[in-house]
Amino acid sequence: MAAPLELSCWGGGWGLPSVHSESLVVMAYAKFSGAPLKVNIIDNTWRGSRGDVPVLTSENNIVSQPAKILNFLRKQKYNADYELSAKQGADTLAYIALLEEKLLPAVLHTFWVESDNYFTVTKPWFASRIPFPLSLILPGRMSKGALTRILLTRGEPPLYHLREVEAQIYRDAKECLNLLSNRLGTSQFFFGDTPSTLDAYVFGFLAPLYKVRFPKVQLQEHLKQLFNLCRFCDDILNSYFRLSLGGVSPTGQEMVDANLQKLTQLVNKESNLIEKMDDNLRQSPQLPPRKLPTLKLTPAEEEGDSLQRLSP
C-alpha cells in the first residue's frame with residue numbers, strides 16, 4: 001500500500017481551490033497525474049513560521065517547493081508527462097523558465113507589493129488564516145520576501161529605482177502572456193488534449209491573477225483580453241476542481257466579498273492601533289534613572305563598622 005500523501009497549502013477563494021500560485025501548481029499537477037493527495041488547508045491551528053508552503057509530507061519525507069514536489073510525485077509513479085516527446089519535454093522546461101523569469105515577478109508585485117492590493121485583499125486574506133500573533137507578522141514578512149525576490153531578478157543596472165523595475169516587470173509579463181496565448185492557440189491544453197506539467201504551471205500562475213478581485217488590475221485587464229487563456233483557466237476549474245469547490249453561487253460570492261471587506265477593516269484597525277502604541281512609546285519622555293541617595297558614615301561609625309566586621 002502506497003504511503004499517504006498530504007499537502008499543506010493555502011486555501012481558496014473567488015472560485016479557486018487556492019489563491020496561492022505555488023500551491024495551485026501542485027494541486028493542479030496532482031489532479032492531472034492522479035496523485036491521491038490529502039489536502040490540508042492552512043488555518044488558525046497552523047504551527048509554521050516562515051510561510052514556506054506548499055509542503056508535501058509522506059512517511060519520513062517532507063518536500064517543499066513546487067518543482068521538488070512534482071519530481072517527488074513522478075518518482076512515486078504519478079507522471080503527467082509520460083506521453084510527451086523529448087522535444088515537448090524540453091519545451092516544458094523552457095516555458096517554465098519563461099514563466100518564472102517574466103511572469104512571476106509581476107504576479108508577486110500584484111499580490112504583495114502593490115499597496116492597494118496588499119492592504120485591501122492580500123494581507124487581510126492571509127492574516128485571517130494564520131494564528132495570532134503570527135498573523136500580525138507573517139504577511140509583512142511574505143511581502144518583504146516578494147519584493148526582495150523581484151529586486152534580485154529585476155533590480156540590476158540599468159533599473160536602479162523601484163518605479164523603473166515595476167514598469168519593466170509589467171512589460172515583461174504582458175509579453176509573456178501574449179506568447180502563452182499564441183502558443184496555446186485554439187488547443188485545450190499546451191500539448192494537445194492531455195494536461196501536463198506546463199499546464200499546471202500556467203494554470204497556477206494565471207488563475208489567481210484572473211479570478212481574485214483586486215482594486216488595481218493592470219495585468220488582470222490584459223489577461224482578460226486574451227480569451228483563450230481565460231477559457232483555459234475556466235476549463236481546468238470546471239473539469240478538475242468543480243466537486244472540491246462545490247460551486248459558489250453569485251450570492252455566496254457576494255457574502256464572501258462582504259466578509260472579506262469587514263475583515264480588511266478589522267485588520268487595518270488592529271494594525272493602526274499597534275502602530276499608534278509604538279509611536280506613543282517612542283514619543284513618551286524617557287526619564288533618566290533615579291539615583292538612590294548614599295549614606296555617609298561618620299569616622300567613628302566607620303571605625304566601629306570595621307571592628308565589627310573583623311570580630312569573630
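I started with the kink in α3, which is about 45 degrees and lies at Leu103, shortly before the proline Pro105. I took the bend at a residue as the angle between axes fitted to the seven residues ending there and the seven starting there. Helices here are DSSP runs (H or I, at least four residues), strands are runs of E with at least two, and both are numbered from the N terminus.

This is a predicted model, where local features need pLDDT of at least 70, side-chain atom pairs count only at pLDDT 80 or more, and totals for chains, interfaces and linings use all residues. Residues are numbered from 1 along each chain as its sequence is written, and side-chain values use heavy atoms, with hydrogens and water left out.

Next I looked up the span of α3. Its 28 residues reach 38 Å from the first C-alpha to the last, close to the 40 Å expected at 1.5 Å a residue. The expected span is 1.5 Å times one less than the number of residues.

**α3 and α7**

I then asked at what angle α3 and α7 cross. The axes of α3 (residues 86-113) and α7 (residues 197-211) come within 10 Å and cross at roughly 15 degrees. Axes are lines fitted to C-alpha atoms, for helices over the stretch in contact, and angles run from 0 to 180 degrees between N-to-C directions. The two helices are therefore roughly parallel (under 35 degrees; over 145 is roughly antiparallel, 65 to 115 roughly perpendicular, the rest oblique). α3 passes α7 in a left-handed crossing, meaning the near helix is turned anticlockwise from the far one by less than a right angle; clockwise would be right-handed.

The contact (heavy atoms within 4.5 Å) includes Leu103, the kink residue, on the α3 side. Among the α7 residues in it are Tyr201, Phe205 and Leu209. I noted 14 nonpolar, three polar and one charged residue in this contact. Nonpolar covers Ala, Val, Leu, Ile, Met, Phe, Trp, Tyr, Cys and Pro, charged covers Asp, Glu, Lys and Arg, and the others, Gly among them, are polar.

**α1 and α7**

α1 (residues 21-33) packs on α7 at about 140 degrees, with the axes 8 Å apart. That makes the pair oblique, and α1 passes α7 in a right-handed crossing. Leu24, Tyr29 and Phe32 are among the α1 residues that meet α7.

**α3 and α4**

These two pack at about 80 degrees with axes 6 Å apart, so they are roughly perpendicular. Thr110, Phe111, Trp112 and Val113 of α3 take part.

The peptide bond from Phe132 to Pro133 is cis, with omega near 5 degrees. Pro133 lies in the loop between α4 (115-127) and α5 (138-154). Gln65 is not a glycine, yet has a positive phi of about 75 degrees; I placed Gln65 in the loop between β4 (61-64) and α2 (66-75).
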